[in-house]
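Subject: Structure handover

Hello,

Here is the structure for you to look over. My notes follow below it.

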Amino acid sequence: MNRKSLLLLSIGIFTVLTATSADVRQRLTFDLDWKFKLCRDSSDVIQTLRTLGISDNPLSATRHNAVTTKVTDDTEPEQAQVTASEITTCTTSGHTNLRQGTFRNVQIPHDWSSELPFEPEMGGSAGYLAGGQGIYVKDFRLPASAYRQKKVRLHFDGVYHRATVWVNGQRAGYHVYGYTGFGYDITPFLLSDGPNRIVVHVNREEQSRWYTGSGIYRHVWLDVTGPTHIKTDGVFVTTADDGTVNIMTEIDTADADRDKRFIITNTILDTDGRTVNKVSEKWDTERPYLYTLVTRLKNSKGKVIDEVRTRFGFRDIRFDADKGFFLNGKNMKLKGMCLHQDCGSLGTAVPEEYWERRLKALKGIGCNAIRCSHNPPSTEFLDICDSLGLLVIDEAFDKWKSGYYAPFFDDCAARDIADMVIRDRNHPSVIVWSIGNEVSEAWKSDNEGIDRARMLNDIVKSLDPGRPTLVACQQGFQDKFGEVTDLVGYNYLEPRMIADHRRRPHRKMMVTEAFVYYSGLREDLVRDFIEENPWHFAEENDFIAGSFVWAGVDYLGESSPWPAKGWCSCPFDMTLKERPQAAYYHTAWQPDKEYMKLVVRDNCFDQPSGTDHWQYPPMADTWDLPYTDSRCVQIRCYTTCDSVQFFFPMWSNPQLPLKPRITKDYPDNCITLQLPARRGKVLAVGYKNGVAVMRDSLVNHGDVAGARLDFEGCVRLSSIPADMTPATSGKHRATSTTLRLTLTDSLGRIQQIQPRRFSVRTEGPLRLLGVETGDMRRTGSWRTTELNTYFGEGLIRLQSTTQSGTGRVIVNVEGFDQPFVKKLTIE
């Protein structure tokens with residue numbers, strides 16, 4: 001049996017880097033050539049496993065069984081709804097060959113639910129998509145170098161969920177939680193002279209409050225090391241105020257090496273790869289400077305037997321009960337967005353490029369913080385946040401002993417929250433650990449919830465005492481429940497925060513979920529539909545550390561009424577098109593930048609209603625209205641200008657000037673006025689200090705006369721590496737991109753109101769991952785490749801293959817004889 005050695009070192013041992021980590025440790029890609037079968041039922045699972053040579057039954061061998069009755073969405077005591085936990089067992093009555101019980105080739109990451117047809121009976125929380133049980137199989141041969149006195153570890157970044165793993169017919173392990181990585185030493189099971197087989201059974205019969213996806217939806221790796229090596233996530237880096245770096249290193253020691261002496265050396269590299277003795281450059285949101293720590297394990301003769309590289313940042317965070325949040329001594333507001341982990345038609349199997357694109361877009365409107373709702377994100381997600389300078393609330397759970405996680409909490413919660421902290425604690429972007437969201441225990445008058453919160457809080461503090469903890473609370477939570485963690489998150493409870501600050505002046509607070517448009521007025525009932533963005537509470541009260549909008553980007557599940565397949569009232573739609581309503585955040589979060597946006601608010605626009613107090617009024621940035629009787633509509637001008645002069649078409653004057661409006665006279669940095677819906681041009685000229693600085697307009701457009709295809713992302717891709725390719729620690733090579741289709745009039749301007757049918761296909765070494773619009777009310781499935789444009793646009797998601805060459809994207813648009821073609825080079 002292996003023993004583990006903990007070594008706590010202050011950095012002071014430095015070496016010259018000569019060998020590379022690949023000489024002693026390899027992380028090999030393992031995403032290709034998997035086969036997958038979606039099983040009809042549990043008997044099909046058992047029979048399929050038997051044909052694969054596996055006799056033990058994963059369904060009877062575990063104590064964790066799905067909750068098979070519907071439960072209520074207990075977010076709000078006054079309005080419990082049966083929406084949250086519909087069973088989504090796959091049946092044989094499906095509409096596609098994905099339900100026929102045969103194996104097919106898939107590439108990891110893979111989310112089988114996103115491939116299935118929409119079925120109303122599956123429920124809105126699941127995005128009307130089934131779950132069920134699936135089996136993955138992979139046959140492989142290891143390179144000879146992996147057998148020479150090496151240890152091979154099979155690592156999964158994420159499987160949703162309840163994954164049982166076998167290697168060559170022998171059970172390697174079982175992992176419940178779908179959001180934390182896990183792995184097994186598979187060395188004892190491997191065959192050196194023949195093919196090896198991995199089988200994974202995934203059981204996703206129960207449903208969360210939102211769309212979770214199903215399957216091996218994050219990367220898979222083979223980690224090849226020596227028998228004695230640095231443990232996975234075994235390096236923990238902290239920094240002192242004076243730039244001293246402290247390192248804790250954990251080692252897995254082989255039985256044969258238990259009495260031997262080992263040496264650990266550490267070297268700090270700056271962003272240019274130069275060795276430094278201390279760190280001095282601060283990591284912050286504007287200049288996210290990153291260092292690299294190289295940790296080497298040597299035997300008693302000085303030979304390097306393992307090497308691990310860890311990126312980290314030098315920064316200081318502090319929360320204050322009166323002044324909110326400080327980063328490196330600077331007082332600042334957390335301008336946050338909550339994010340789920342799915343990405344439109346891809347479900348939860350999301351390439352890194354799409355996360356980078358999404359996070360850059362959010363930062364572009366002034367966002368500086370992300371709340372991972374409500375689960376630990378992928379490692380790649382946090383790497384991107386580190387590089388972009390985004391602050392992160394890393395959240396362990398939604399609910400504890402209610403909802404889908406209830407059967408697993410007692411056995412798994414301590415390990416799952418520890419896994420999150422141990423994996424993510426070197427990321428400078430992570431500033432807060434959230435131990436839970438809207439847990440029903442917060443309502444209890446006894447101490448059951450408090451004891452549970454203390455248990456989780458203590459685990460986090462034992463692993464990372466330097467970061468604060470938080471629990472996100474919902475309406476009606478017991479006041480004493482807010483005294484366990486360092487911080488308290490208030491979901492939609494800004495009026496109560498103000499009262500609690502008077503009652504509990506020591507409490508450190510933030511808004512962990514905020515409505516996207518309407519505000520509430522009362523402590524005990526959050527719905528008042530006041531047309532003032534709730535960000536004003538954070539802006540007007542120093543003690544509120546920040547506020548996180550629910551949510552940043554449209555996501556699957558928690559669906560608005562059928563036929564919407566998801567939550568569709570966010571600043572960005574699922575194609576990452578910025579909605580007109582997002583203009584508010586430009587003005588509120590970036591007030592020093594010149595900004596102006598004209599939009600029309602009117603119910604004529606074909607937009608889904610959204611959900612209750614979370615919805616927007618319909619808005620669009622077009623003057624192409626259906627009215628011919630000159631009825632008045634509301635014009636909105638979001639701006640950072642001091643004042644705005646409007647010009648409007650009249651019979652007697654093509655551009656009649658109106659009286660200038662003063663921005664501060666209106667809420668939300670938004671000037672509103674009523675104008676007749678008469679054809680022509682509405683012009684706005686913005687002034688600062690009496691000087692015209694910018695303008696915007698609403699105009700009428702001509703009929704659709706053309707279309708264009710524009711890349712939003714990389715214009716050249718790298719081919720996907722073959723299996724067993726060593727992963728590199730350098731810059732990520734892009735393998736995915738997006739292409740946006742835009743309908744235009746004869747002047748090249750976007751025509752939003754005349755939808756056209758379009759279809760997409762690819763040629764060459766390209767995968768067509770998905771075709772989308774911003775409309776979540778599509779029919780059929782997310783795999784359809786023919787849609788109507790929505791507000792003049794569509795989005796095409798692309799990925800390279802293992803081959804190089806030139807790919808072609810061919811788009812046929814209704815009304816045009818010839819297709820529109822875009823080429824893409826794959827290197």
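Ser114 sits in the loop between strand E4 (104-106) and strand E5 (132-140). Helices (H or I, at least four residues) and strands (E, at least two) are DSSP runs, numbered from the N terminus. The model is predicted: local features need pLDDT of at least 70, side-chain atom pairs count only at pLDDT 80 or more, and totals for chains, interfaces and linings use all residues. Residues are numbered from 1 along each chain as its sequence is written, and side-chain values use heavy atoms, with hydrogens and water left out.

Ser114 counts as buried because its relative accessibility is 1%. Buried means under 20% relative accessible area, exposed over 50%, partly exposed in between (1.4 Å probe, protein chains only). Leaving aside residues up to four places away in sequence, Ser114 touches Leu129, Tyr211, Ser345, Leu346, Gly347, Trp782 and Arg783. Contact here means heavy atoms within 4.5 Å.

**Val549**

Val549 lies in strand E28 (residues 544-549). Val549 is also buried, at 4% relative accessibility. Its contacts, not counting residues up to four places away in sequence, are Gly336, Met337, Cys338, Ala514, Val516, Tyr585 and Trp589. Pro571 is 22 residues from Val549 in sequence, and their C-alpha atoms are 9.2 Å apart.

**An open sheet**

Four strands form an open sheet, ordered E2-E11-E6-E9, with antiparallel pairing. Two strands pair if DSSP finds at least two bridges between them. Strand E2 (26-29) and strand E9 (182-185) are at the edges; each has a single partner strand, so one side of each has no neighbour in the sheet. On average, neighbouring strands of this sheet are turned by 25° against each other, direction ignored. Axes are lines fitted to C-alpha atoms, and angles run from 0 to 180 degrees between N-to-C directions.

Strand E6 (residues 151-156) pairs with E9 over four bridges, in the antiparallel sense. Phe156 has Phe182 in E9 as its bridge partner.

**Cavities**

There are six cavities of 30 Å³ or more. A cavity is a set of points on a 1 Å grid over the protein atoms alone where a 1.4 Å probe fits but cannot get out; lining residues have an atom within 4 Å of a point. The largest cavity has a volume of about 220 Å³. Of the 19 residues that line the largest cavity, Arg218, Gln341, Trp355, Ser378 and Phe381 are the closest to its centre. Helix H2 (352-364) and helix H3 (379-388) each supply at least two lining residues.

Best wishes

How values were computed. 1 Å grid on protein atoms, 1.4 Å probe; cavity = no way out; pocket = protein on both sides within 12 Å on 5 of 7 lines; lining within 4 Å. Points joined across faces, edges and corners; volume = space filled by probe spheres on them.
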